[in-house]
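Subject: Structure handover

Hello,

Here is the structure I said I would pass on. My notes on what was found in it follow below.

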Amino acid sequence: MEMDLGYIVNAMIPTWSSVVILFSYFIYLAIAGSLLPGRIVPGVTLADGTRLRYRCNGIVSLLLLVSLLGIGAALKLISPTVIADRGIELLSTTFIFSFIVTLILYAAGSKSRDQGSSLKPHLTGNFIHDWWFGIQLNPHFMGVDLKFFFVRAGMMGWLLINLSVLAKSIENGSLSQSMILYQVFCMCYVLDYFFHEELMTSTWDIIAERLGFMLVFGDLVWIPFTFSIQGWWLLRNKVELTKAAVFTNCFIFLIGYWVFRGANKQKHVFKKNPKAPIWGKPPKVIGGKLLASGYWGVARHCNYLGDLLLALSFSLPCGISSPVPYFYPVYLLILLIWRERRDEVRCAEKYKEVWAEYCKLVPWRILPYVY
C-alpha cells in the first residue's frame, strides 16, 4: 500500500517528457485544425448579430493523427503504450496546464475592451466565480477558437488514452472480451462525435457557457481521464461476460446512441430550418421558438437520457464486481441533473411564458414518467 501510494505521488510530478507530449499534441491539433480540409460551419447567431465560423475537420484530424502514431509505432519511433505508461503523469501535467491557462484567460479577458458578444468580459467582482465560469464567451488565440479547440482535444485525448491502454493490454497478454467491447463502444462514440462535429456548434457549451476553469478542466482533464476509467480498470481486472450480458450491453449502447444522436440532430436541424419535418411530420413549435416534436416532445432534455445510457454501456463490460468502473455514469447522472436544473432556470428567464407553456406540454425533464 505504501509502495503504491509512493509510486502514485512520484508519478504525479510532471516531467519534461509529459510536457513535450502534451504540447506536441496541442501543436498538432492547432495546425491540423487550421490547415486540413473541412466544412466551414456557421455557428448560431449571437446576441450582437454576429456568427462565428467553425472548420469542422475533426474526423480528418483524428484519422491522420492515429495514422501518424501508428506509423511511428511501426517504425519504433514511439511506443504505443506511452500514454498508458505515463497516465498519472500526463493527468497532473494536463491539470496544471488547465489551471495556468484559465488564469491567463481571466487576466487577458479582464483587460479586453471588446463589446462584441464573443469577447465582451463579464465580471462579477468575485474572482473565484469569474475564474471558474469564465468571463468571455469565445476567446481566441492566434486565430484558434479555444473553446472549440479544447473540447476537440479532450474527445481525441479520450480515444488516444483508450488505444494506448488497448496496446498495453495486448502487450501484457490481458486482452479480454470485456476490453474489446468497451473499446468498440468508445471508438464508435468518438468517431461518430467527430463525424457529426458540426452539431457541436449549437450545443449549450458552445453557444452559452463562458470559457473558464469549469469548461477547460472538463474538456482537457475530466473527459479523457475519467471517461477512460473503465479501460484502466479492465487492464488490471479480468471479467467474464455471459452471452446474455454481452447482448444486453450492446442493446443499451444502441438505444443510448439512437436517442442521444437523434435528439441532438433534431435540435440542430430545427435551429437551421424551423420548418424541417420531424419524424416525417411538420414540427410542433411553442411560441415560434421551442421545438416540441420528436424527442423534444418526449422530454425536455431527452438527449441527456441517451448520454446516460451510453455512459452505462461503457461501464457494463466491467461487470458488477466493483463500483469503480461506474464512477463515470454516476458522475454524469449528477452532472446532467445539475446542468438540467441550470438550463431550466435560464430557459425560464429567456423564454418566460413560452417556456411555461412548453413545460405544461412536455412535463418530463429527462426520463418520461420517472423524472
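**Salt bridges**

Lysine 238 and glutamate 240 meet through their side chains in a salt bridge (3.8 Å, N to O). The term stands for a side-chain nitrogen of Lys or Arg within 4 Å of a carboxyl oxygen of Asp or Glu. This is a predicted model, in which local features need pLDDT of at least 70 and side-chain atom pairs count only at pLDDT 80 or more, while totals for chains, interfaces and linings use all residues. Residues are numbered from 1 along each chain as its sequence is written, and side-chain values use heavy atoms, with hydrogens and water left out.

Lysine 238 is exposed, with a relative accessible area of 70%, and glutamate 240 is exposed at 64%. Here buried means under 20% relative accessible area, exposed means over 50%, and partly exposed is in between (1.4 Å probe, protein chains only).

The whole structure holds 13 salt bridges. In one of them, aspartate 85 pairs with lysine 168, and the closest N and O atoms are 2.9 Å apart. Aspartate 85 lies in helix 4 (residues 82–85) and lysine 168 in helix 7, so the pair links distant parts of the chain, 83 residues apart. Helices are DSSP runs (H or I, at least four residues), numbered from the N terminus. Aspartate 85 is partly exposed at 39%, and lysine 168 is partly exposed at 21%.

Glutamate 340 forms a salt bridge with arginine 365, with the closest N and O atoms 2.3 Å apart. Glutamate 340 is in helix 14 and arginine 365 in the segment after helix 15 (353–361), 25 residues apart. Glutamate 340 is buried, with a relative accessible area of 0%, whereas arginine 365 is partly exposed at 21%.

**Aromatic pairs**

There are 32 aromatic pairs in the whole structure. Rings of Phe, Tyr and Trp (its six-membered ring) pair if their centres lie within 6.5 Å, and planes under 30 degrees apart count as stacked. Tryptophan 131 and phenylalanine 213 are stacked, at 4.6 Å centre to centre with 25 degrees between the planes. Tryptophan 131 belongs to helix 6 and phenylalanine 213 to helix 10 (residues 213–226), 82 residues apart. Tryptophan 131 is buried at 12% relative accessible area, and phenylalanine 213 is buried at 6%.

Phenylalanine 314 and tyrosine 328 are also a stacked pair, at 6.4 Å centre to centre and 10 degrees between the planes. Phenylalanine 314 is in helix 13 (residues 302–315) and tyrosine 328 in helix 14 (residues 327–351). Phenylalanine 314 is buried at 0%, and tyrosine 328 is buried at 2%.

**Nonpolar cores**

The largest nonpolar core has 77 residues, and Phe150, Trp158 and Phe314 have the most contacts inside it. Such a core is a set of buried Ala, Val, Leu, Ile, Met, Phe, Trp, Tyr and Cys residues joined through side-chain atoms within 4.5 Å. Helix 7 (residues 146–171) gives the most to this core, with 14 residues. A second, separate core has 19 residues, including Phe270, Leu290, Trp296 and Cys359.

Regards

Notes
Helices (H or I, at least four residues) and strands (E, at least two) are DSSP runs, numbered from the N terminus. Rings of Phe, Tyr and Trp (its six-membered ring) pair if their centres lie within 6.5 Å; planes under 30 degrees apart count as stacked, over 60 as edge-to-face and the rest as tilted.
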